[in-house]
Amino acid sequence: MDRAIRLYLLGIAAPAAAVLVLLLGLPRAPFDPFLAAILVAIGVVAANFPVMIRKNYKVDATPAIDLALVVLFPVPAAVALVGLTRILGDATLCLRRNPNTGKRRRRPIDLLFNTSQMILAAAAAAIIYRGVLTTGVLADGAGAFASASAAAAAMYVTTTTLVVIAVAMMGRRSPVQVWLEAAAVDWKLTAAMYSSGYLLALVSAAHPWVALVMVAPLAGLQVAMKRAVQMRDQTIAAVESMADVVDKRDPYTGLHSKSVAEYSVRIAHQMHLAESEVELIRLAARVHDLGKIAVPDEVLHKQGRLTDEEFAIMKKHPVTGAEILSKFPEYRKGRELVLAHHERVDGRGYPRGLEGDQIPLGARVIAVADSWDAMTSDRPYRLAMDGHLAMSELLRGRGIQWDATVVDAFASTMPDLVPPEFEVEPERAGVPLLRSLGAVAGILS
């Protein structure tokens, strides 16, 4: 782990410890230890059953418990109980190993950071809750709900910001970009969790044992999230299997879609696109030729040049692919990239003759990756091109057939293949730019 990141993760413990000491020094108000024990136990169990929503992003039901603790207990007790829940939950995870990797699910430094950031978040939420609320812990009316909403917002902003800073440092990315990505993925789930937490506080305030009954809906929410993720993953796997079947119809293109997806991801990362955009491009690239399932074998496998009629049939495959993908919500955005991956920046592509920025950026990325893999693979009518020759073709079509910035980004990942008549200029806007030494008219934009 990078030293700066380690220092940051450890450094959060100092303000958390200071806040905890300060709050515990305040006069103690009475609270129900039985209810506290029930909620802490539920939170510990919930922490041990996270759901992987996206790559490197997990969600569990602990936000509901955290907000319930803030609403039900005095500030010092609420902060201490939230910290205790996180310590016990992560300590359990530290003892458990991932069966796929053999590594422990949490490291000690993760436990320290997670506990510290939750103490800070709980303190902010509890102070705001008590400050907004003016008529009692669980007063009737909009006032109580408004104070709980403000507390939930404070908790969410604090935890998300502290985690986002760590993720941005690890990936050397913009914290703002990481924050927006996280919010886009989890705001609905988080809102549902906090709503459940407020409901949990309401029903268990007078009768602590009712909190046990609330375990069922919280568990149901967790199971629903898990099944939704499983359904999404299974749908994507099924569609990708269909794309693989299409590729395997031709022994020359058996791994084409997988290769195009890998090259597309390489380009997208080189262009410093957001991870959500990278994943969208990867999903679309992986199934970009799905529409060829409707292309007859005599056209798909033809070794010579296609006739006009045959080419007209081949040109329908982006539309067919997009129509198939329209049936799956997981490809709601990606289908547009599939539809446009044969467009050209000069407007001479198909199926709609889009040009320039009319073509979605992801489709422009896939077009370069698709062309590169096609040129560097054996086909029935020709042998694979040498890498230097294929790169020269991309550079000659830069700004004409393919997007110039995308080609530049891809070429910069393979500098040894860039021909001598080109040179790499200093990086501009994160993407090295290639310029011709000969400045041949019509070759470069």
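Which backbone oxygen does the side chain of S392 reach? The side chain of S392 reaches the backbone oxygen of H388, at 3.0 Å.

## Basis of the model

This is a predicted model, in which local features need pLDDT of at least 70 and side-chain atom pairs count only at pLDDT 80 or more, while totals for chains, interfaces and linings use all residues. Residues are numbered from 1 along each chain as its sequence is written, and side-chain values use heavy atoms, with hydrogens and water left out.

## Helix α18 and S392

S392 belongs to helix α18, residues 387-396. Helices here are DSSP runs (H or I, at least four residues; strands are E, at least two), numbered from the N terminus. S392 is buried, with a relative accessible area of 8%. Buried means under 20% relative accessible area, exposed means over 50%, and partly exposed lies in between (1.4 Å probe, protein chains only).

Helix α19 spans residues 404-412 and is mostly covered, with eight of its nine residues buried. The buried residues include V406, V407, D408 and F410. At the start of α19, a side-chain oxygen of D403 comes to within 2.9 Å of the backbone nitrogen of T405.

Ring pairs join Y263, W372 and F410 into a cluster. Rings of Phe, Tyr and Trp (its six-membered ring) pair if their centres lie within 6.5 Å; planes under 30 degrees apart count as stacked, over 60 as edge-to-face and the rest as tilted. The count by this rule is seven aromatic pairs. One of them, F145 with Y198, is edge-to-face, at 5.9 Å centre to centre and 65 degrees between the planes. That pair links distant parts of the chain, with F145 in helix α7 (residues 142-171) and Y198 in helix α8 (residues 175-204), 53 residues apart. Y198 is buried, at 11% relative accessible area. Y263 and F410 also form an edge-to-face pair, at 6.0 Å centre to centre and 85 degrees between the planes. Y263 lies in helix α11 (residues 256-270) and F410 in helix α19, so this pair ties together parts 147 residues apart in sequence. Both Y263 and F410 are buried.

## H341 in its loop

H341 sits in the loop between α16 (334-340) and α17 (361-375). H341 is buried, with a relative accessible area of 1%. Its side chain reaches the backbone oxygen of V338 at 2.6 Å, and a polar contact of 3.3 Å joins the side chains of H341 and H342.

Apart from neighbours within four places in sequence, H341 is in contact (heavy atoms within 4.5 Å) with residues including H288, D289, H317 and D370.

## Helix α2

A18 lies in helix α2 and is partly exposed at 47% relative accessibility. The C-alpha atoms of A18 and L120 are separated by 9.8 Å, although the residues are 102 apart along the chain.

The contact between α2 and α5 is made by L20, L23 and L24 of α2 together with V75, P76, V79 and A80 of α5.

Terms used: Polar contact = N/O pair within 3.5 Å; in protein donor to acceptor, adjacent residues only side chain to side chain.
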